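Please look over the sequence and the model below before reading on. The report is meant to be read with both in view.

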Amino acid sequence: MSLEPAPADRPAVRGAPLLQVRGVKTFYGNIIALKGVDIDVHEGEIVTLIGANGAGKSTLMMTIFGNPRAREGRIVFDGHDITRLPTHDIAQLRIAQAPEGRRIFARMTVLENLQMGAVVADPAYFAQDLDRVFALFPRLKERLRQRGGTLSGGEQQMLAIARALVGRPRLLLLDEPSLGLAPLMVRQIFDAIRTLNRREKLTVFLVEQNAFHALKLAHRGYVMVNGVITLSGTGRQLLERQEVKAAYLEGGRQQVEP
C-alpha cells in the first residue's frame, strides 16, 4: 500500500529518481530473499527502509551495491543501469556504503581506513575531506593514529561513515548505523546524517531497525516484510500509521501487510 504524501510533506523532487529499483528479486541459492522490490530515491532526499530482522533490508542494500546480484529486475543510478556491474565499478559512480557491522579494517589506523575510502576520489581533495569528516566526528581526529579495532563501537560506526564520505559520494547507503550503540551515540550519528543532508544536499538511503529515529529523520520511507515492500509514504505519515506503531514503535509483533 502506498500513501501519497500531502503537498506540504512532499520533498521538492523533480525528474527521474537518482536511484530506481524496479522488480528486483534476489536469491540465496534457491531461497528468494527479495520478491520484486520497487524503490525510488530522489536527489537530495533521505529515504529510509524499516522492517523486522530477516525482512530483506540488508539484502536490498547489498544488492544495490552488486553483491549479491539481482536475478531479476533493474537497478538504475543516475540513468545508468548498474544491475550487472561489479561492485568496484558501482563505487566509481560515486555510490558509497557504510555496511552493517561497520567492517572497518581493524589492524589499520583511523587515517589508513580513511585513505582506503578515498581511493575512488580525487586525491587532491583528501585533506579537505579529512577536515570535513573531522568537523562531523571530532573524536576521529583524536584517534587518527589509533588502530580501528581498538575504537569503541560508536567510534567504529563514525569511522565507517567517514570512510564512505571521503569517497565524495552522490548517494550514501547506510545499513543499520545505530545497531548496538548507546542512545547518546545514536543521537550523534543521526544528527550527522541530518547535517550532511541539509548542508551538502547529500542523498541518503538508510536501512534501520530504529524505526522512530529513522522515520523522524527521513523525507520518505518504505516498510519491508518478508522481502516485499508493504507500505510507503512520508516519514511523518508512516509514524502515524497504527500498524507501523504496533509493529515497530510499541514493541508489537504485528506485520504490516500489503
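## Overall picture and confidence

This is a predicted model, and its chain has 10 helices and 10 strands. Of the 258 residues in the chain, 52% are buried. Among the contacts with a separation of 6 or more, 68% are made by residues 24 or more positions apart.

The average pLDDT over the chain is 87, and 90% of the residues score at least 70. Two stretches call for caution when the model is read. Over residues 1-13 pLDDT stays under 50, and the model has 25 contacts beyond four places in sequence for this stretch; over residues 252-258 pLDDT likewise stays under 50, with 19 such contacts.

## The antiparallel sheet

Four strands form an open sheet in the order β2-β1-β4-β5, and the pairing is antiparallel. The edges of this sheet are β2 and β5 (80-81), each of which pairs on one side only. Strand β1, residues 19-28, is joined by eight bridges to strand β2, residues 31-41, and the two run antiparallel; within this pairing, Lys25 has Lys35 of β2 as its bridge partner. The hairpin of β1 and β2 has two residues between the strands, and Gly29 in this hairpin takes a positive phi near 65 degrees.

At the β5 side, strand β4, residues 72-77, is joined to β5 by two bridges, again in the antiparallel sense, and Phe77 has His80 of β5 as its bridge partner. The loop between β5 and α2 holds Thr83, which counts as buried because its relative accessibility is 5%, below the 20% cut-off for that class. Leaving out residues up to four places away in sequence, Thr83 touches Arg69, Ala70, Gly73, Arg74 and Ile75. Thr83 is also 12 residues from Arg71 in sequence, with 9.1 Å between their C-alpha atoms.

Strand β3, residues 46-50, is mostly covered, as five of its five residues are buried. In a regular strand the side chains alternate between the two faces of the sheet. In β3, Ile46, Thr48 and Ile50 point one way and Val47 and Leu49 the other way, and all are buried.

Strand β3 pairs with two other strands in the parallel sense. Four bridges link β3 to strand β8, residues 203-207, in parallel, and in this pairing Thr48 stands opposite Leu206. Four bridges also join β3 to strand β9, residues 220-225, which runs parallel to β3, and here the bridge partner of Val47 is Arg220.

## The largest pocket

The largest pocket has a volume of about 650 Å³. Its lining consists of 24 residues, and those nearest its centre are Phe65, Thr87, Gln97, Pro99 and Arg163. The elements giving two or more residues to this lining are α1 (57-64), α2 (87-92), β6 (95-98), α3 (110-117) and α6 (153-165). By class, the lining has 12 nonpolar, seven polar and five charged residues.

Helix α3 also holds Asn113, which is classed as buried because its relative accessible area is 0%. Apart from neighbours within four places in sequence, Asn113 is in contact with Ile104, Phe105, Met108, Leu159 and Arg163; of these, Arg163 is also one of the residues nearest the centre of the largest pocket.

## Backbone details

Most residues other than glycine have a negative phi, and most peptide bonds are trans. Asn67 and Pro68 are joined by a cis peptide bond, with omega about 5 degrees, and Pro68 is found in the loop between α1 and β4.

Lys201, although it is not a glycine, has a positive phi of about 60 degrees. Lys201 lies in the loop between α7 (183-200) and β8 and is classed as exposed because its relative accessible area is 58%, over the 50% cut-off. Asn226 is a residue other than glycine with a positive phi, near 50 degrees, and its place is in the loop between β9 and β10 (228-234). With a relative accessible area of 42%, Asn226 is partly exposed.

Technical notes:
Residues numbered from 1 in each chain as written. Predicted model: local features only at pLDDT ≥ 70, side-chain atom pairs only at ≥ 80, totals over all residues. Heavy atoms only, no water. Pairing = 2+ DSSP bridges. 1 Å grid on protein atoms, 1.4 Å probe; cavity = no way out; pocket = protein on both sides within 12 Å on 5 of 7 lines; lining within 4 Å. Points joined across faces, edges and corners; volume = space filled by probe spheres on them. Nonpolar A, V, L, I, M, F, W, Y, C, P; charged D, E, K, R; others polar. Buried < 20%, exposed > 50% of the residue type's maximum accessible area, 1.4 Å probe, protein only. Contact = heavy atoms within 4.5 Å. pLDDT = per-residue confidence, 0-100.
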